[in-house]
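Hi everyone, thanks for having me. Today I'd like to walk you through one protein structure, so please have a look at the picture as I talk.

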Amino acid sequence: MVDVVDEQFSVHEDPVWRDRADFIVNAPLAEDGRFEQLWCRRLSDDTFEVCCIPFFLYDVALGDTVRTEATKSRTYLVSKVLVASGRYVFRVHFDRSMLRHRDEVVAELMAMGALVEWSSPSMFAVDAVDADHAQRVADVLFAHEQAGRLVYETGRSA
């Protein structure tokens with residue numbers, strides 16, 4: 001078991017649906033002792049709507065309804081997705097040499113209607129509203145990656 005002092009949390013400074021959120025829950029990440037804090041809207045004692053775009057968590061998207069459970073060290077720990085929103089998540093990273101392309105890429109994505117949430121100056125998460133939108137976002141990100149401007153991944157594990 002990991003000591004509480006060894007735990008690390010990734011936080012959302014500016015969640016895209018901050019105005020809807022009224023609660024923060026924790027989601028375990030693949031690495032021991034790592035969690036992502038998710039801004040949510042409480043729906044019941046143990047269910048929440050995700051109000052941020054996950055930076056590191058896989059298979060959870062903006063608008064998903066998640067169930068939480070209590071553990072020895074956490075009261076509200078995401079245990080599963082109850083209702084998927086149908087939205088898609090992408091993560092975009094810029095190495096130091098790629099940073100000059102950051103603003104151009106973000107502007108292009110936002111012009112397409114994508115939502116963007118920053119994790120750091122070199123990384124952000126992207127939300128696409130549905131499968132068609134996600135394909136268009138993926139096409140743009142793929143073209144920029146092929147041009148050496150960024151590296152990206154999807155928020156799905158499979």
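Let's begin with Arg 41, which is partly exposed, at a relative accessible area of 33%. Keep in mind as we go that this is a predicted model.

What does Arg 41 pair with? Arg 41 makes a salt bridge to Glu 49, and their closest N and O atoms are 2.9 Å apart. Now turn to Glu 49 itself: is this residue buried or exposed? Glu 49 is buried, because its relative accessible area is 11%, and the cut-off for buried is under 20%.

Arg 20 is partly exposed, with a relative accessible area of 38%.

Another one joins the side chains of Glu 31 and Arg 34, at 3.4 Å from N to O. Glu 31 is partly exposed, at 42% relative accessible area.

Now for the nonpolar side of the story. The largest nonpolar core has 18 residues, and those touching the most other members are Phe 90, Leu 109, Phe 124, Val 126, Val 137 and Leu 141. Which elements give two or more residues to this core? They are β7 (88–93), α1 (102–111), β9 (123–128) and α2 (131–146). The largest share, five residues, comes from α2. Apart from this core lies another one of 17 residues, including Trp 17 and Cys 51.

Let me finish with helix α1. Val 105, Val 106 and Leu 109 are its buried residues to look for. They cover an arc of only 95° around the axis, which means that they lie on the same side of α1. On the other side of α1, you can find Asp 103 and Ala 111 exposed.

What do the buried residues of α1 pack against? They pack against β8 (115–120), β9 and α2. Just after the helix, Gly 113 takes a positive phi of about 95°.

That's my tour, and I'm happy to take questions!

Note on methods: Residues are numbered from 1 along each chain as its sequence is written. This is a predicted model: local features need pLDDT of at least 70, side-chain atom pairs count only at pLDDT 80 or more; totals for chains, interfaces and linings use all residues. Side-chain values use heavy atoms; hydrogens and water are left out. A nonpolar core is a set of buried Ala, Val, Leu, Ile, Met, Phe, Trp, Tyr and Cys residues joined through side-chain atoms within 4.5 Å. Buried means under 20% relative accessible area, exposed over 50%, partly exposed in between (1.4 Å probe, protein chains only). Helices (H or I, at least four residues) and strands (E, at least two) are DSSP runs, numbered from the N terminus. The arc is that of the directions from the helix axis to the C-beta atoms. Contact means heavy atoms within 4.5 Å. A salt bridge is a side-chain nitrogen of Lys or Arg within 4 Å of a carboxyl oxygen of Asp or Glu.
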